[in-house]
Amino acid sequence: MRKKIIAGNWKMNMLPNETISFIEELAPLVKDTENEVILCVPYTDLFYALLTVQGTNIKIGAQNMHFEEKGAYTGEISGQMLKSINVEYVIIGHSERRQYYNETDESVNKKVKAAFNVGLKPIVCVGETLEEREANKTVEIITTQTQLALEGLSKEEVENTIIAYEPIWAIGTGKTATSEDANNSIKEIRNKIAEIYGQNTASRVIIQYGGSVKSSNAKELFTTSDIDGGLVGGASLKAEEFSKIINFDK
Ligand code: PGA
């Protein structure tokens, strides 16, 4: 049985003092969950977040990284830097990064490999635009993105990759994919992984849904056959609301 993993993606929100109070409020609300809880916070909050989650079941992730270990890349942060302060997870290839910062399937693949090289667990985002959806290209887009992101990884690495299926039209829009739709897309991603890496590997990969997840729809989404939790943006900024999403099965 795959476990459920609920990850918050704070995007460019929250200052260190807000991070500390958020975690202090969230920790007691989620201490009894069997689901895995991750908060992906801005770089400037990482250190404070890591200190504050000590002794709790909350794990910390970053939202991006560079694929090189070090060098002349002004303004960038490497996987090694994240690992050195004990960050565990890193979001890679979020659609906002693909859209605004020219992230490509190729750079996503390089980052995923670089993450594994330093022992970080990647949360890889894939998803179709509204245009692609209307042109009936959803399956082709998301399976190709998945295949290219994972290219060259070992089966073990694939099993340790979290994939977040996030239809772009559902991100921050209040429009959620129906649970049936999201589950079907995720099944297609899993089938693609099975085709390349075998059924055993595919059945172990955690595939989340993301896009306007909130406490009112979390249960319906996360109790389908193939959705293994969620990557949550807006609704992860309020501790109480986020705790209800994490405790969807309580
Ligand atoms: P949202 O964002 O929950 O605010 O739609 C999800 C995401 O971008 O990861």
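A word on the source. This is a predicted model, where local features need pLDDT of at least 70 and side-chain atom pairs count only at pLDDT 80 or more, while totals for chains, interfaces and linings use all residues. Residues are numbered from 1 along each chain as its sequence is written, and side-chain values use heavy atoms, leaving out hydrogens and water.

Where does S236 lie? In the loop between β8 (229-232) and α12 (239-246). Helices here are DSSP runs of H or I, at least four residues; strands are runs of E, at least two; both are numbered from the N terminus.

Now the surroundings. The S236 side chain reaches the backbone oxygen of V232 at 3.1 Å. Leaving aside residues up to four places away in sequence, S236 touches G8, N9, W10, F22 and F242. Contact means heavy atoms within 4.5 Å.

On to the ligand. 13 residues surround the ligand, the closest being K11, H94, E166, G172 and S212. The cut-off is a heavy atom within 4 Å. That shell divides into 4 nonpolar, 7 polar and 2 charged residues. Gly counts as polar here.

Next, the ligand's oxygen atoms. An N or O atom in the H94 side chain is 2.7 Å from one. A backbone N or O atom of G172 lies 2.6 Å from a ligand oxygen. For G233, again a backbone N or O atom, the distance is 2.8 Å. The protein buries 95% of the 280 Å² that the ligand exposes when taken alone.

Methods. A polar contact is a pair of N or O atoms within 3.5 Å; within protein, one must be able to donate a hydrogen and the other to accept it, and residues adjacent in sequence count only if both atoms are side-chain atoms. Accessible areas come from the Shrake-Rupley method with a 1.4 Å probe; for residues, only the protein chains shown count as cover.
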